[in-house]
Amino acid sequence: MSKSLFKIALLAVLTAATMNSCSKNAASQADGAAAPAESAVAASDKTDISTGDNRIIADFITNMYNEGLYWEEDWLLAHCTPKMLQIMKDNYDYDGEGYAFWILRTSSNDSSGGSVLSVTTDDGQWFNYRFTDGDYEGENRLKCYIENGNVWIDDYESVYDGALESYRQSEE
């Protein structure tokens, strides 16, 4: 009799877990939280960012972008690893030395204002942030971690640049 109760309890737990997972996916799709078609990571592969370090990093990215903190060299030095700083130096295409902080936006760098639309993660290391940049949308991925209470950006990838896509279409 105890084996039967164990099987029933196990079945109930698995059913509840499956239903919870399905309702979370349906809720995030209803909220429009799914990434755009250009995203390299499917919405179903996203990890919850509502708690813990993932929430801290998501809030950090939102604040970084919405407040334009990435424009300040002191901020970059305080939150970018040597690897990320080198990526920004390598993308700096002006005379002299500097950091290409604009890689954290779209190629429409002349626009004013923008904000983060969503932040998601697929593995708790890479964080995709969708954002507006003037009249364009963009999406980037940042590899981030927390060490001694400080969020560090260690790597970067551009996923979608609406300004660049618009330019390419106008050239055709």
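**View 1. Strands S2 and S3 run side by side in the antiparallel sense.** Let's start with the pairing of strand S2 (residues 126–133) and strand S3 (residues 136–147), which is antiparallel and spans 8 bridges. Two strands count as paired if DSSP finds at least two bridges between them. Within this pairing, Thr 132 stands opposite Glu 137 in S3. Keep in mind that this is a predicted model: local features need pLDDT of at least 70, side-chain atom pairs count only at pLDDT 80 or more, and totals for chains, interfaces and linings use all residues. Residues are numbered from 1 along each chain as its sequence is written, and side-chain values use heavy atoms, with hydrogens and water left out.

View 2. Zoom out for a moment and you'll count 5 helices and 4 strands in the protein, running α-α-α-α-β-β-β-β-α from the N terminus on. Helices (H or I, at least four residues) and strands (E, at least two) are DSSP runs, numbered from the N terminus.

**View 3. Helix H4 has a buried face.** In H4 (residues 82–90), look for the buried residues Met 84, Leu 85, Ile 87 and Met 88. Seen down the helix axis, the buried residues of H4 fall within an arc of 155°, so they line one face; the arc is that of the directions from the helix axis to the C-beta atoms. Turned away from that side are the exposed residues Pro 82 and Asp 90. Buried means under 20% relative accessible area, exposed over 50%, and partly exposed in between (1.4 Å probe, protein chains only). The buried residues of H4 pack against helix H3 (73–79) and strand S4 (150–161).

**View 4. Leu 76 sits in helix H3.** Leu 76 counts as buried because its relative accessibility is 2%. Leaving aside neighbours within four places in sequence, Leu 76 is in contact (heavy atoms within 4.5 Å) with Tyr 70, Leu 85, Met 88, Tyr 99 and Phe 101. The C-alpha atoms of Leu 76 and Trp 152 are separated by 9.5 Å, though the two residues are 76 residues apart along the chain.

**View 5. Aromatic rings pair up and form a cluster.** The structure holds 12 aromatic pairs. One of them joins Tyr 65 and Phe 131, a tilted pair at 4.8 Å centre to centre with 45° between the planes. Tyr 65 is in helix H2 and Phe 131 in strand S2, 66 residues apart, and both are buried. Phe 101 and Trp 102 make an edge-to-face pair, 5.2 Å centre to centre with 70° between the planes. Rings of Phe, Tyr and Trp (its six-membered ring) pair if their centres lie within 6.5 Å; planes under 30 degrees apart count as stacked, over 60 as edge-to-face and the rest as tilted. Trp 102 counts as buried because its relative accessibility is 19%.
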